[in-house]
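Please keep the sequence and the 3D view at hand while reading.

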Amino acid sequence: MHKDEKLWDKVYDEFRGERSSVWRETATPFFTQKAEYLRHLGLRKILDAGCGDGRNILAFAKYGFNATGTDISGLALKKAEELCRNYPNAEFKKEPLEKPSFKRESFDVIVCDFVTAHLKEIELITNNFHKLLKKNGYLLIEFTSYKDPHCGKGKKIGEREFLQKGFYLRFYTINQIEKIMGKFRILCIDSISYTDPGHGTGYNRKKRHQHHSYFVFAQKN
Ligand SMILES: C[S@@+](CC[C@H](N)C(=O)[O-])C[C@H]1O[C@@H](n2cnc3c(N)ncnc32)[C@H](O)[C@@H]1O
């Protein structure tokens, strides 16, 4: 069992909001805006890495991708499966991003949304993404930025790294992202401020709050 599995299960277990996702009702525009282009290129196989309760994978399944969602929370995956029940082209697997079970070059596209903030071994994981992508495959990935209002809160455990209500959180600079993404060709980086609704009692943001993230569109060389 992954060491954070119970922590994340608790988030999904305790969520009582009216919307289907703990995180936000709709999929993230930066990702879905690229969907038609990716389909136009003839790409079909997509991995939603750390898919949570499924808002992004649902959107990609609706676009017709063969979509696989992975997460360490069994409860999140159960909710995601229910959300995608009308889309047999969406499937799910419980596994950590640190140790994926898929063969090399299994995917045309990988999306990873609101997960990197919680990943200590980010280089290992982006390296795994590089291995899992086919040649010229695309990575769409969000990095919560050092400009996010939550950067600096909680117990400091490293450079822009904190423990907040039991959750490990890190905040990225553009220089750091460019280094982490060194194996990829960065096509664009968007710097976006946005608000999120509260995420329930199991997570550390109960009320509507603001975020700042860098959204990266990159290609495997
Ligand atoms: C903030 S949620 C975002 C969920 C989803 N990507 C979204 O944007 O709606 C972070 C998700 O990452 C998952 N997660 C955290 N660490 C992980 C890891 N090491 N491997 C796989 N999933 C992980 C959590 O279980 C949780 O569902």
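**The annotated domain and its sheet**

The UniProt record, an unreviewed entry, places the feature "domain: Methyltransferase type" at residues 47-141. The coordinates shown here are those of a predicted model.

Strands of a sheet pair through backbone hydrogen bonds, and the pairing can be parallel or antiparallel. In this model 7 strands form an open sheet, and their order across it is 3-2-1-4-5-10-9. The pairing in this sheet is mixed. Which strands stand at the edges? They are strand 3, residues 90-94, and strand 9, residues 184-196. Each of these two has a single partner strand, so one side of each is left without a neighbour in the sheet. On average, neighbouring strands of the sheet are turned by 15° against each other, with direction ignored.

One pair can be followed in detail. Strand 1 covers residues 45-49 and strand 2 covers residues 66-71. The two run parallel and are joined by 5 bridges. Within this pairing, Ala49 stands opposite Thr70 in strand 2.

A helix also packs on the sheet: helix 6, made of residues 122-132. Helix 6 touches strand 1, strand 4 (107-112), strand 5 (133-144), strand 9 and strand 10 (209-220). The direction of helix 6 makes about 150° with that of strand 5.

**Around the ligand**

How many residues surround the ligand? There are 21, and the closest are Trp8, Gly50, Gly52, Leu97 and Asp113. Sorted by class, the shell around the ligand has 10 nonpolar, 6 polar and 5 charged residues.

Asn136 is not a glycine, yet has a positive phi of about 70°. Asn136 lies in strand 5.

Lys165 is not a glycine either, and has a positive phi of about 50°. Lys165 is placed in the loop between strand 7 (161-164) and strand 8 (167-170). Lys165 is exposed because 12 other C-beta atoms lie within 10 Å.

Notes. Residues are numbered from 1 along each chain as its sequence is written. This is a predicted model: local features need pLDDT of at least 70, side-chain atom pairs count only at pLDDT 80 or more; totals for chains, interfaces and linings use all residues. A residue is near a molecule or strand if its C-beta atom, placed from the backbone, lies within 6 Å of it. Ala, Val, Leu, Ile, Met, Phe, Trp, Tyr, Cys and Pro count as nonpolar, Asp, Glu, Lys and Arg as charged, and the others, Gly among them, as polar. UniProt positions are given in the numbering used here, feature names are shortened, and annotations may be inferred rather than shown by experiment. Two strands pair if DSSP finds at least two bridges between them. Helices (H or I, at least four residues) and strands (E, at least two) are DSSP runs, numbered from the N terminus. Axes are lines fitted to C-alpha atoms, for helices over the stretch in contact, and angles run from 0 to 180 degrees between N-to-C directions. Two residues are in contact if their C-beta atoms, placed from the backbone, lie within 7 Å. A residue is buried if 20 or more other C-beta atoms lie within 10 Å of its own, exposed if 12 or fewer, and partly exposed in between; C-beta atoms are placed from the backbone.
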